[in-house]
Amino acid sequence: MWLLSDKQIRHSRNAVIHLLNLFSNSVDMDDRSLKVGIVGYGHLGQFLVEKIQREGPKVGLQLAFIWNRNPDKLKDLLPKKLILHDLSDFTHRVTDVIVEVCHPQIVKEFGVRFLSHAHFLVGSPSALSDPQLEQELRTAAKQHGKTLYVPSGALWGGQDIQKMNDSGTLRALSIRMSKHPSCFRLTGGLLSDWTEGEGRRVLYSGSVAELCPIAPNNVNTMAAAAIAASKLGFHGVTGEIVSDTALADYHIVEVEVIGPDGFSVKTVRQNPAKLGAVTGNATYNSFWSSLLVCKGHGGRVYLC
């Protein structure tokens, strides 16, 4: 029979206490992490999933679930326990923030339900050009005390636009987005006849409200601007989309803000992008920064 000395007993006891503390801290950190559900596994969805897997532990994020319209795309890429096959089952997962990065139709079908369960980061804010849906989402956020987050994306100066809007000094707002024709996803075959080398073509100029249904995947920057400028709204903000075959390497976003007494601001954002890419390169990191903000800001709409 082996007998331990007092010194050995103390050493063993301290080692056990140390291990228990490590385990306790690990559990506490896990409990404090925001649990994120990702809806959509396109380029942006994949970026967010990989970013959370790689950097989530140090920034306090962990994955709650991933859903994709085609679940076969997720096979062998993600742990089975994270894959949600039926989006209606999201309520069975403990989730703090749900991130939509697929299509405005998902916002329309699930947005109100998402807000009854978690904060909601809407990656397709063009869906809010439907005034009835926008009001339903605002009401749901207020009713459940959850925040409807709208990412600024490629919008430069969104917080300043919002400040002018809230102070009543915003008189007009216009946004022009210029891209290579391969980067547009338009309804009704609006750009089906483009040819390489044709140059610059204005596809639409008018209210953002009427533009959103035409280019639901391309004008989320404009939608974010319309939400920031809520007193002007989707009908009061002017949007223009331009096809330009010379823009093979980047997208251009131009924003003009008009205030009182001759005040004006113009910004031009040149965002590197591959041919055919709906989203510019810098917008990915912008979206990640928006996600890091989503820690609860009460029952309201919040531009981040």
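Student: How many helices and strands does the chain have, and what makes a run count as one or the other?
Tutor: The chain has nine helices and 11 strands. Both are DSSP runs, numbered from the N terminus: a helix is H or I with at least four residues, and a strand is E with at least two. The model is predicted, so local features need pLDDT of at least 70 and side-chain atom pairs count only at pLDDT 80 or more, while totals for chains, interfaces and linings use all residues. Residues are numbered from 1 along each chain as its sequence is written, and side-chain values use heavy atoms, with hydrogens and water left out.

Student: What share of the chain counts as buried, and what makes a residue buried?
Tutor: Buried means under 20% relative accessible area, exposed over 50%, and partly exposed in between, with a 1.4 Å probe and protein chains only. Of the 304 residues, 46% count as buried.

Student: How do you know what span helix H3 should have?
Tutor: The expected span is 1.5 Å times one less than the number of residues. For the 12 residues of H3 (residues 104–115) this gives 16 Å, and the end C-alpha atoms are 16 Å apart, so the two values agree.

Student: Which residues of H3 are buried, and where do they lie around the axis?
Tutor: Pro104, Ile106, Val107, Phe110, Gly111, Phe114 and Leu115 are the buried residues of H3. They cover an arc of only 145°, and therefore lie on the same side of H3; the arc is that of the directions from the helix axis to the C-beta atoms. Contact means heavy atoms within 4.5 Å, and what covers these residues includes strand E3 (97–100), strand E4 (119–122) and helix H4 (131–144).

Student: What makes E3 and E4 a pair, and in which sense do they run?
Tutor: Two strands pair if DSSP finds at least two bridges between them. Four bridges join E3 to E4, which run parallel, and Glu100 stands opposite Val122 in E4. The chain crosses from E3 through H3 to E4 in a right-handed β-α-β crossover.

Student: Why is a crossover called right-handed?
Tutor: With the strands pointing away from the viewer, the path from the first strand over the helix to the second runs clockwise. E4 also pairs with E5 in the parallel sense over two bridges, with Phe120 and Leu148 as bridge partners. The crossover from E4 through H4 to E5 is right-handed as well.

Student: How do you know whether the faces of E4 are covered or open?
Tutor: In a regular strand the side chains alternate between the two faces of the sheet. In E4, His119 and Leu121 on one side and Phe120 and Val122 on the other are all buried, and both faces are covered.

Student: Is Cys304 buried or exposed, and what is the state of Cys183?
Tutor: Cys304 has 10% relative accessibility and so counts as buried. Cys183, at 2%, is also buried.
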